Amino acid sequence: METAGRASAPVVVAIDGPSGSGKSTVSRAVASRLGLSFLDTGAMYRAMTWWMLANEIDVDDADAVATACTKPVIVSGTDAAGPTITVDGQDVSAPIRGPEVTSRVSAVAAVPEVRARLVELQRTSAVAAERGIVAEGRDMGTVVFPDATVKIFLTASEEARSARRAAELRAKGVDEATIAAMAADLGRRDAADSSRKTAPLTRAADATAVDTSDMTLEQVIDHVVDLVQARSPHTVAAG
């Protein structure tokens, strides 16, 4: 998608980073502030994983996953005020955040056929976004939108990311044992996502790195908004 250098083109903001770096929260807030669409690509991979598990597909069998991944109809809503994710018409916003999906999503996301299908859906969402889109994930700037207007790589120390994920889960009423298990799983997911052969988690050469370890949420949002507006001056905050 060609966006850079064309002032009239819809802005594409690609935000990548590891689990717990704040991608989803920051991306959604930035999209809302700038009046752009919002795409949570991680939710799409989680939705695919949820469907595989619900239909008893062995997610460790890459061939089985590749064969089945064309079957579910996954629709990702892009309204920053209330993003949605459905599979075959069913709202799966809650179940895709459970520990079972979380522990298996890296295996599903590593299958090339899954990535090819979802990348196509992601690019279609961007084309449909009239003003532009903020897309967050792990390969937005390297694979999905290599010509994005702005590329940002959010990161934070493993300690900071674990603490944030624990606080997020605790606020949702998740029990402490599950919180500990999911927080401890961050390192494994980082390793799996960074070492997979297809579209590994990595910082694009032209992405701006933002370490959020010692920043408040508002500071991160303000900083990212400033980066977007510096690169795309015609993009102004929504009134």
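What follows is a chat about helix packing, one tryptophan and some backbone angles.

Q: Before we start, what kind of model is this?
A: This is a predicted model, in which local features need pLDDT of at least 70 and side-chain atom pairs count only at pLDDT 80 or more, while totals for chains, interfaces and linings use all residues. Residues are numbered from 1 along each chain as its sequence is written, and side-chain values use heavy atoms, with hydrogens and water left out.

Q: OK, helix 1 and helix 10. At what angle do they pack?
A: At about 55°, with the axes 9 Å apart. Helix 1 covers residues 23-34 and helix 10 covers residues 217-231. Helices (H or I, at least four residues) and strands (E, at least two) are DSSP runs, numbered from the N terminus. Axes are lines fitted to C-alpha atoms, for helices over the stretch in contact, and angles run from 0 to 180 degrees between N-to-C directions.

Q: And what does that make helix 1 relative to helix 10?
A: Oblique. Angles under 35 degrees count as roughly parallel, over 145 as roughly antiparallel, 65 to 115 as roughly perpendicular, and the rest as oblique.

Q: Which residues meet there?
A: From helix 1, T25, V26, A29, V30, R33 and L34. Their partners in helix 10 include L217, V220, I221, V224 and V228, along with E218 and D222. Contact means heavy atoms within 4.5 Å.

Q: How does that contact split by class?
A: The contact of helix 1 with helix 10 has 10 nonpolar, 2 polar and 3 charged residues. Ala, Val, Leu, Ile, Met, Phe, Trp, Tyr, Cys and Pro count as nonpolar, Asp, Glu, Lys and Arg as charged, and the others, Gly among them, as polar.

Q: Now helix 4 and helix 9. How do they pack?
A: Helix 4 (residues 99-109) packs on helix 9 at an angle of about 20°, with the axes 9 Å apart. The two are therefore roughly parallel to each other.

Q: What's in the contact?
A: T102, S103, V105 and S106 of helix 4 meet R188, R189, A192 and D193 of helix 9. By class that contact has 2 nonpolar, 3 polar and 3 charged residues.

Q: Switching to helix 7. Which of its residues are buried?
A: A160, R161, S162, R165, A166 and L169. Buried means under 20% relative accessible area, exposed over 50%, and partly exposed in between (1.4 Å probe, protein chains only).

Q: What covers them?
A: The cover includes helix 8 (176-184) and helix 9 (186-195).

Q: What about positive phi in residues other than glycine?
A: E56 is one of them, with phi near 55°. E56 sits in the loop between helix 2 and helix 3 (62-68). D88 also has a positive phi, near 55°, and lies in the loop between strand 4 (85-87) and strand 5 (90-91).

Q: How accessible is each of those two?
A: E56 counts as exposed at 74% relative accessibility, and D88 counts as partly exposed at 47%.

Q: Last one, W50. Buried or exposed?
A: W50 is buried, with a relative accessible area of 18%. W50 is found in helix 2 (residues 41-54).

Q: What does W50 touch?
A: Not counting residues up to four places away in sequence, V87, Q90, V92, P95, I96 and V101. V101 is 51 residues from W50 along the chain, and their C-alpha atoms are separated by 6.0 Å.
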